[in-house]
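Here is a short report for a reader meeting this structure for the first time. Please look over the sequence and the model before reading on.

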Amino acid sequence: MATRHLFIELQTLNRRAKLKIIFAKFQCLCIIPALVGVDKKTCIQFCLCTFQEEMVIRPLYSGDIYASFQFRTQWDTDFLHDGKKVSHYRLFPKSLGQVLSKFSVRELHISFTQGYWRTMQWGQPFIPSPPGAELWVWFHHTVTDVDGNWKELTNVLSGIFCASLNFIDSTNTVEPSASFKPLGLGNATDHRFLRYATLPREIVCTENLTPWKKLLPCGSKAGLAVLMKSEKLFHSSFHSQAVHIRPVCKDWQCTSTAWELRQTLNVVFDLYTSGQGKKEWSLFKMFSRTLTEACPLASSSKIYVDVTDNPGGELFDLSPSSPLISTAVVLGDRRTYSVYDLTKKETFGQLRSLNLLLRWKGENDMLRPPLHAERYVSGFGLQKGEIHTCLYNSHPYRAYPVLLLDSLPWYLRLYVHTLTVTSKTRENKPSYIHYQPSKDRLRPHLLEMLVQLPPHSVTEVTVQFERALLKWTEYTPDPNHGFYIGSSVISALVPSIVAMDTNSTRDRPLFSSFFPTKEESSYFMRVYTEPLLVNLPTPDFSMPYNVICLTCTVVAVGYGSFYNLLTRTFQVDEPSAPLAKRLANIIRRLRGVPLL
Amino acid sequence: MAKFLFVTICTVANLFAFLPVIHGNNFETKATQFFSSGHTNNWAVLVCTSRFWFNYRHVANVLSVYRSVKRLGIPDSHIVLMLADDMACNHRNPKPATVFSHKNMELNVYGDDVEVDYRGYEVTVENFLRVLTGRLPPSTPRSKRLLSDDRSNILIYLTGHGGNGFLKFQDSEEISNVELADAFEQMWQKRRYNELLFIIDTCQGASMYERFYSPNIMALASSQVGEDSLSHQPDLAIGVHLMDRYTFYLLEFLEDIHPASQANMNDLFKVCPKSQCVSTPGHRTDLFLRDPGSVLITDFFGSVRKVEITREAINLTNPTELPQDLTSLRNELKSEALFYVDQLPVADIIHQKPKQKDWHPPDGFILGLWSLILLVFFKTYGIKHLKHIF
């Protein structure tokens, strides 16, 4: 009996899981007490969370395709309310809820990225993220020991996401003074409660995707998460998964807060590796799966395909075509989307499965992105170097401010007196500089600058550094690979082409409502540069062994011989006689004659 | 498996029921002790200690044992998986997110729901010994701990590059057989295991279990002292050797085991004879109390689920009512509307006051400097000036 429980067949699990999901959904319906006849008070306790899922497909000009998934769970409760212990979790994952209440977290943003976002070929992403792992957290203002909470939080998250986040310590954590303002509701912005850390070396693989998928209400069994198969997702140019938790407005009046959990997954499939060179994309080609149903727990489940550049169908063919067209203002531009609603049965058609097909017919040019950044190390040798960060403003007549955040490890000793900011070969003085020097083995460098980028220009920020020699045990097992330096973060208010919508409570698709907008003429954007790989002077780790061998040999041969010469007595040793002489001596001894 | 045990115990008990009653109880307890293992839960610690792409086969070794152990029932929460390098999503891997064990890419041992607990630079000798002995820092999450008790059967599998008396971790440090034996003795003293099965697949692997001295340990190695463990087959598309011979045949053997299987340890000792493995696998059972022929493979590779059937009825309590004050709180509306923070408030940033630094008492250097200055001053000018200063 016990052994049979080990053999749970996949089909029965699916059926049982589906039954559980349907039962959970039915629980939600009990908000109308008349239908079920349950007490209204207990119903309200259960049904205060909603779940939405959506996917945006954006064909890119280079022939690649960009798919962005967003799963949003909104929960009307207050973790940090005194005296109430939250114990009933329905759609919101319990592991994250307990983490939030234990460490008094106000906002949590964690992302795992493999690959680098190529802004010049792909445009702007919906949710930007740097290569490796990035974690930034706003703690509640009641926390007394922020560093202690931060340390424990990173350890707990490393267990939840199967990542080595426990390597985040004081040597790579910074406290930005002006960047990374909270994305959620609130008015207290004391930056003492903010911590930011990045691990550029962190690898993202299936073991990070598995716990991420388990946080979704439907798991990977129903809805859009069915498409997430690791063999296809990691065979791509860019893969980024993130979890964003923040407090949002509960309703249009915005008088109380609700918790929002957004799980995002951005992936760019390459034309040549995944697409086999053909400019034809379909859901099956991208994910090796098609969609058959929406997640039963979702209140909305939609797919948006960007058809802005295809008004008459001359650029690409989209099939099956959808009657629903919607427009949204995203990234400063008004884009048109073909919408597929998965909660409606007719979207799936006769075959009861949805496989979107995009076939390219023509070529088109891409609009240059307004902000683009690059970073590289120049110089030669293993002693000195220079970091150059280039910021490109391609807007023809508007200038705008950008906030550059650089966090460099302590083993690159920066010469801050060599810091120069030049635009169009003239010096550009930043209006705000915050620099916190590093302390060896304790704290990294933190440099924050507010720079005004002139229109249609390149601004270059350069700073010279010297490489430090680390202690023997501080080198990684493969030190000749080099040491990674985290990406710079550039936060900017970029002028938008169309007027942005500042009403934050209107119902908008998820991908356009990530960053809150305050004014109509510009929108907020974050750009990450490449991480750097610098070689530090690496010692030869076999030298201690060589030294010991050489010293012992010299001591043994030199001193040993000298000691022998001084302390040994020497005697003349009779050489042994040849055989004939020995035989002759034996015969002579027998005869009694004197020996030879 | 439990069913079989129950039936056997029943028949044995019935058999002995015909004997005089005085002997009946003795034989029954002896029989049950003889057949059962006495463990209630299973744990597995699977470690790959090699870094770099050409050591792909060590990661494939560990993942194939992980796959078998998961298939036979041990859940992820009871498996501590340590991989020293990432092969699946390595940029050299022509098929990302896969690790193959058979050439022509037949079997992907990486799977779709793998959970690696220690990865990359975290796989060190110190972390390994801390996991075994349980002496981890308090903030370590549960998935990284070996929470075994005195009724746990633990499977420990190590693979990598080794030599006579040591195993190399990540090309930079080694663990010796003496350290390992001492770690197991610590586990025994703290009663962290009931029985332990130790499998090692490295060159000269038998040297690693020579020094064990704690009871209830059974050890298997892929080669004797002075012999090298060889790899099995390369795959031309991936470009490296995919598995080691011993683990390849071990995987083949384990694929035939299912949770109700009655195969015992003697079958495991026969895995990979010299004709297939080129090296001579060895084993050590002198520290183990039970006879290896009576130890089932699933005692270590599978998982025990104890099911107790009860006929009593339990009354469920009524769900707790929402306290009154909370519903009233929900009804009351906060008067002021909340708003989102401005993401880049340029004016505020430019006029930002410098951050108030917390006051720290002056450190030793400053105190020493000032005391030196004062000392020199009073030495030069005399102590009588003191009253003019203060």
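## Surface and charge of chain A

Chain A has an accessible surface of about 27,700 Å², and 56% of that belongs to carbon and sulfur atoms. Accessible areas come from the Shrake-Rupley method with a 1.4 Å probe; for residues, only the protein chains shown count as cover.

Chain A carries 65 positive and 51 negative charges, whose mean positions are 7 Å apart. Lys and Arg count as positive, Asp and Glu as negative; His and the chain ends are left out. Each charge is placed at NZ of Lys, CZ of Arg, CG of Asp or CD of Glu.

## Basis of the model

The model is predicted: local features need pLDDT of at least 70, side-chain atom pairs count only at pLDDT 80 or more, and totals for chains, interfaces and linings use all residues. Residues are numbered from 1 along each chain as its sequence is written, chains are lettered from A and ligands numbered from 1 in the order written, and side-chain values use heavy atoms, without hydrogens and water.

## Overall form of chain A

Chain A holds 12 helices and 26 strands. These are DSSP runs, numbered from the N terminus: helices are H or I with at least four residues, strands are E with at least two. Along the principal axes, the C-alpha atoms of chain A fill a box of roughly 135 × 80 × 60 Å.

Of the 596 residues in chain A, 53% are buried. Buried means under 20% relative accessible area, exposed over 50%, and partly exposed in between (1.4 Å probe, protein chains only). Take the contacts in chain A between residues at least 6 apart in sequence: 75% of them join residues at least 24 apart. A contact means heavy atoms within 4.5 Å.

## Active site in chain B

Which residues of chain B does UniProt give as "active site"? The unreviewed entry names His161(B) and Cys203(B). UniProt annotations may be inferred rather than shown by experiment; feature names are shortened, and positions follow the numbering used here.

His161(B) sits in the loop between β4 (152-159) and β5 (162-163). His161(B) is partly exposed, at 26% relative accessible area. Beyond residues up to four places away in sequence, His161(B) touches several others, including Thr49(B), Arg57(B) and Thr202(B).

The unreviewed UniProt entry places a "transmembrane region" at residues 364-382 of chain B. This span is 95% helix and 0% strand, with its end C-alpha atoms 26 Å apart.

Helix α6 (residues 245-255) of chain B is mostly covered, with 8 of its 11 residues buried. Among them are Tyr246(B), Phe248(B) and Leu254(B).
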